[in-house]
Amino acid sequence: KDFYWRAMQVAALDPLQTHWFEGHANTADSALHDVLLEWYPKDLQGSSKDFTEKWNARTEKISELRRKLLAELTAAYSEPHRCYHTLQHIEFCLRQISKRREHAVRPTEIRWALLFHDAIYDPRRNDNEARSADWACRVMQEMQRPDEEIMRVRKMILATAHAGNAETPDEALLLDIHLSILGGDDATFDEYDTAIRVEYAW
(Lines give C-alpha, C1' and ligand atoms only; values in the text may rest on other atoms or scores of the structure.)
Protein backbone atom coordinates (compact mmCIF):
# COMPACT_ATOMS: atom_id res chain seq x y z
CA LYS A 1 0.00 0.00 0.00
CA ASP A 2 1.56 3.26 -1.07
CA PHE A 3 2.14 6.30 1.11
CA TYR A 4 -0.48 8.40 -0.70
CA TRP A 5 -3.25 5.90 -0.05
CA ARG A 6 -2.35 5.64 3.64
CA ALA A 7 -2.29 9.44 3.90
CA MET A 8 -5.74 9.65 2.34
CA GLN A 9 -7.07 7.14 4.86
CA VAL A 10 -5.72 9.15 7.76
CA ALA A 11 -7.17 12.37 6.35
CA ALA A 12 -10.56 10.75 5.84
CA LEU A 13 -10.65 9.32 9.35
CA ASP A 14 -9.41 12.46 11.08
CA PRO A 15 -10.25 15.50 8.92
CA LEU A 16 -9.16 18.99 9.89
CA GLN A 17 -12.04 20.95 11.37
CA THR A 18 -10.64 24.49 11.35
CA HIS A 19 -11.40 25.72 7.83
CA TRP A 20 -14.92 26.90 8.60
CA PHE A 21 -13.63 29.44 11.09
CA GLU A 22 -11.32 31.13 8.60
CA GLY A 23 -13.51 33.17 6.29
CA HIS A 24 -15.79 30.22 5.57
CA ALA A 25 -19.33 31.09 4.48
CA ASN A 26 -21.45 30.33 7.54
CA THR A 27 -24.63 29.42 5.72
CA ALA A 28 -26.93 26.57 6.67
CA ASP A 29 -25.74 24.67 3.60
CA SER A 30 -22.04 25.03 4.43
CA ALA A 31 -22.65 24.13 8.07
CA LEU A 32 -24.55 20.99 7.07
CA HIS A 33 -21.77 20.02 4.69
CA ASP A 34 -19.06 20.46 7.32
CA VAL A 35 -20.86 18.58 10.08
CA LEU A 36 -21.96 15.72 7.84
CA LEU A 37 -18.44 15.36 6.47
CA GLU A 38 -17.19 14.88 10.00
CA TRP A 39 -20.04 12.80 11.41
CA TYR A 40 -21.25 10.57 8.59
CA PRO A 41 -20.23 6.91 9.19
CA LYS A 42 -16.86 5.92 7.80
CA ASP A 43 -16.08 2.44 6.47
CA LEU A 44 -12.82 2.89 4.62
CA GLN A 45 -10.95 -0.32 5.32
CA GLY A 46 -9.70 -2.63 2.59
CA SER A 47 -7.65 -2.23 -0.55
CA SER A 48 -6.91 1.06 -2.27
CA LYS A 49 -9.65 0.27 -4.79
CA ASP A 50 -12.11 -0.47 -1.99
CA PHE A 51 -11.11 2.75 -0.27
CA THR A 52 -11.76 4.83 -3.38
CA GLU A 53 -15.14 3.21 -4.00
CA LYS A 54 -16.21 3.58 -0.38
CA TRP A 55 -14.97 7.16 -0.25
CA ASN A 56 -16.93 8.08 -3.39
CA ALA A 57 -20.04 6.29 -2.11
CA ARG A 58 -19.78 8.09 1.23
CA THR A 59 -19.35 11.44 -0.50
CA GLU A 60 -22.48 10.86 -2.57
CA LYS A 61 -24.51 9.82 0.47
CA ILE A 62 -23.37 12.93 2.32
CA SER A 63 -24.42 15.10 -0.62
CA GLU A 64 -27.84 13.42 -0.77
CA LEU A 65 -28.43 13.85 2.96
CA ARG A 66 -27.23 17.44 2.89
CA ARG A 67 -29.63 18.31 0.07
CA LYS A 68 -32.49 16.58 1.87
CA LEU A 69 -31.84 18.28 5.21
CA LEU A 70 -31.27 21.67 3.60
CA ALA A 71 -34.60 21.43 1.76
CA GLU A 72 -36.42 20.35 4.93
CA LEU A 73 -34.82 22.99 7.15
CA THR A 74 -35.34 25.72 4.55
CA ALA A 75 -39.01 24.80 4.31
CA ALA A 76 -39.34 24.77 8.10
CA TYR A 77 -37.63 28.12 8.60
CA SER A 78 -39.66 29.66 5.76
CA GLU A 79 -43.09 28.93 7.26
CA PRO A 80 -45.41 31.92 6.79
CA HIS A 81 -45.96 32.53 10.51
CA ARG A 82 -42.24 33.13 11.08
CA CYS A 83 -40.83 36.62 11.07
CA TYR A 84 -37.81 36.36 13.36
CA HIS A 85 -37.23 32.60 13.74
CA THR A 86 -36.09 32.21 10.15
CA LEU A 87 -33.05 30.95 8.27
CA GLN A 88 -31.62 34.46 8.62
CA HIS A 89 -31.61 34.00 12.40
CA ILE A 90 -29.89 30.61 12.08
CA GLU A 91 -27.17 31.96 9.82
CA PHE A 92 -26.67 34.92 12.17
CA CYS A 93 -26.07 32.39 14.96
CA LEU A 94 -23.66 30.41 12.77
CA ARG A 95 -21.64 33.56 12.13
CA GLN A 96 -21.50 34.20 15.86
CA ILE A 97 -20.07 30.77 16.69
CA SER A 98 -17.45 31.23 13.98
CA LYS A 99 -16.33 34.39 15.79
CA ARG A 100 -16.26 32.69 19.19
CA ARG A 101 -14.67 29.40 18.25
CA GLU A 102 -11.98 29.67 20.94
CA HIS A 103 -14.66 29.47 23.64
CA ALA A 104 -16.23 26.27 22.29
CA VAL A 105 -15.37 22.86 23.71
CA ARG A 106 -17.16 20.93 20.96
CA PRO A 107 -17.90 23.45 18.19
CA THR A 108 -19.36 20.91 15.77
CA GLU A 109 -22.04 19.97 18.28
CA ILE A 110 -22.87 23.63 18.81
CA ARG A 111 -23.23 24.19 15.08
CA TRP A 112 -25.58 21.21 14.77
CA ALA A 113 -27.66 22.43 17.72
CA LEU A 114 -27.87 25.90 16.20
CA LEU A 115 -29.02 24.51 12.85
CA PHE A 116 -31.96 22.72 14.45
CA HIS A 117 -32.78 24.72 17.59
CA ASP A 118 -35.79 26.52 16.04
CA ALA A 119 -36.58 23.96 13.34
CA ILE A 120 -39.97 23.32 14.93
CA TYR A 121 -41.63 26.60 15.86
CA ASP A 122 -45.25 27.28 16.70
CA PRO A 123 -45.72 30.31 18.98
CA ARG A 124 -48.90 28.73 20.37
CA ARG A 125 -47.03 25.66 21.71
CA ASN A 126 -44.54 25.18 24.52
CA ASP A 127 -42.78 22.07 23.23
CA ASN A 128 -40.96 23.57 20.25
CA GLU A 129 -37.49 23.01 21.70
CA ALA A 130 -38.23 19.40 22.56
CA ARG A 131 -39.57 18.67 19.09
CA SER A 132 -36.63 20.45 17.45
CA ALA A 133 -34.24 18.42 19.60
CA ASP A 134 -36.03 15.23 18.58
CA TRP A 135 -35.42 16.06 14.93
CA ALA A 136 -31.74 16.89 15.40
CA CYS A 137 -31.12 13.80 17.48
CA ARG A 138 -33.02 11.50 15.14
CA VAL A 139 -30.66 12.45 12.31
CA MET A 140 -27.68 11.92 14.63
CA GLN A 141 -28.97 8.46 15.54
CA GLU A 142 -29.30 7.62 11.85
CA MET A 143 -25.63 8.56 11.49
CA GLN A 144 -24.76 6.29 14.44
CA ARG A 145 -23.39 9.08 16.59
CA PRO A 146 -22.46 8.24 20.22
CA ASP A 147 -25.25 8.43 22.79
CA GLU A 148 -23.38 10.95 24.93
CA GLU A 149 -22.93 13.25 21.95
CA ILE A 150 -26.62 13.02 21.11
CA MET A 151 -27.52 13.83 24.71
CA ARG A 152 -25.28 16.91 24.73
CA VAL A 153 -26.94 18.23 21.57
CA ARG A 154 -30.40 17.53 22.97
CA LYS A 155 -29.60 19.42 26.16
CA MET A 156 -28.22 22.39 24.22
CA ILE A 157 -31.38 22.70 22.15
CA LEU A 158 -33.61 22.28 25.20
CA ALA A 159 -31.58 24.98 26.95
CA THR A 160 -32.78 27.53 24.37
CA ALA A 161 -36.14 27.49 26.16
CA HIS A 162 -34.25 29.46 28.86
CA ALA A 163 -36.00 27.58 31.64
CA GLY A 164 -32.85 27.16 33.73
CA ASN A 165 -29.14 27.79 33.92
CA ALA A 166 -26.58 26.43 31.49
CA GLU A 167 -24.86 23.30 32.79
CA THR A 168 -21.83 23.20 30.47
CA PRO A 169 -19.56 25.77 28.80
CA ASP A 170 -21.00 24.87 25.40
CA GLU A 171 -24.55 25.36 26.63
CA ALA A 172 -23.56 28.75 28.03
CA LEU A 173 -21.92 29.74 24.76
CA LEU A 174 -24.92 28.64 22.71
CA LEU A 175 -27.27 30.62 24.95
CA ASP A 176 -25.06 33.71 24.68
CA ILE A 177 -25.25 33.38 20.91
CA HIS A 178 -28.99 32.75 21.02
CA LEU A 179 -29.59 35.99 22.91
CA SER A 180 -26.81 38.08 21.35
CA ILE A 181 -29.37 39.95 19.26
CA LEU A 182 -30.41 41.70 22.49
CA GLY A 183 -27.01 43.37 22.58
CA GLY A 184 -27.31 44.75 19.08
CA ASP A 185 -27.60 48.42 18.18
CA ASP A 186 -30.93 50.22 18.50
CA ALA A 187 -31.98 49.58 14.91
CA THR A 188 -31.16 45.86 15.14
CA PHE A 189 -33.03 45.49 18.42
CA ASP A 190 -36.06 47.39 17.10
CA GLU A 191 -36.17 45.07 14.07
CA TYR A 192 -36.01 42.05 16.39
CA ASP A 193 -38.70 43.46 18.68
CA THR A 194 -41.04 44.13 15.77
CA ALA A 195 -40.51 40.67 14.30
CA ILE A 196 -41.22 38.94 17.62
CA ARG A 197 -44.41 40.98 18.09
CA VAL A 198 -45.59 39.93 14.64
CA GLU A 199 -44.99 36.25 15.44
CA TYR A 200 -46.99 36.50 18.66
CA ALA A 201 -49.79 38.66 17.28
CA TRP A 202 -52.39 35.94 17.57
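**Helices, salt bridges and loops**

Mentor: Let's start with a crossing: helix 5 passes helix 7 in a right-handed way (right-handed if the near helix is turned clockwise from the far one by less than a right angle, left-handed if anticlockwise). This is a predicted model, in which local features need pLDDT of at least 70 and side-chain atom pairs count only at pLDDT 80 or more, while totals for chains, interfaces and linings use all residues. Residues are numbered from 1 along each chain as its sequence is written, and side-chain values use heavy atoms, with hydrogens and water left out.

Trainee: What percentage of the 202 residues count as buried?

Mentor: Buried means under 20% relative accessible area, exposed means over 50%, and partly exposed lies in between, with a 1.4 Å probe and protein chains only. Among the 202 residues of the protein, the buried share is 41%.

Trainee: Back to your opening pair. At what angle do helix 5 and helix 7 pack?

Mentor: Two packed helices are described by the angle between their axes and the distance between the axes. Axes are lines fitted to C-alpha atoms, for helices over the stretch in contact, and angles run from 0 to 180 degrees between N-to-C directions. For helix 5 (residues 107-116) and helix 7, the axes are 9 Å apart and the angle is about 50°.

Trainee: Now the charges. How many salt bridges does a search of the whole structure find?

Mentor: A salt bridge needs a side-chain nitrogen of Lys or Arg within 4 Å of a carboxyl oxygen of Asp or Glu. One network of them links R106, E109 and R152. Over the whole structure, the salt bridges found number 13.

Trainee: How many residues apart in sequence are the parts that D29 and R66 tie together?

Mentor: The side chains of D29 and R66 form a salt bridge at 3.0 Å, N to O. D29 lies in helix 2 (residues 28-39) and R66 in helix 3 (residues 48-77), so the parts they tie together are separated in sequence by 37 residues.

Trainee: What separates the C-alpha atoms of R67 and L32?

Mentor: R67 sits in helix 3 and is partly exposed, with a relative accessible area of 47%. Its side chain also meets E60 in a salt bridge at 3.6 Å, N to O. R67 and L32 are 35 residues apart along the chain, and their C-alpha atoms are separated by 9.1 Å.

Trainee: Which loop holds Q144?

Mentor: Most residues other than glycine have a negative phi, and most peptide bonds are trans. Q144 has a positive phi, near 65°, and is exposed at 62% relative accessible area. Its place is the loop between helix 6 (128-142) and helix 7.

Trainee: And what is phi of H162 near?

Mentor: H162 lies in the loop between helix 7 and helix 8 and counts as partly exposed at 35% relative accessibility. Its phi is also positive, in a residue other than glycine, with a value near 55°.

Trainee: Finally, where does L179 lie?

Mentor: L179, L182 and F189 make a nonpolar surface patch of about 240 Å². At 39% relative accessibility, L179 counts as partly exposed. L179 lies in the loop between helix 8 (169-178) and helix 9 (186-199).

Definitions and conventions: Patch = residues over 30% accessible without salt bridge, like charges linked within 9 Å, V, L, I, M, F, W, Y side chains within 5 Å. Areas by Shrake-Rupley, 256 points an atom, 1.4 Å probe, with all protein chains shown as cover. Helix = DSSP H or I, 4+ residues; strand = E, 2+ residues; numbered from the N terminus.
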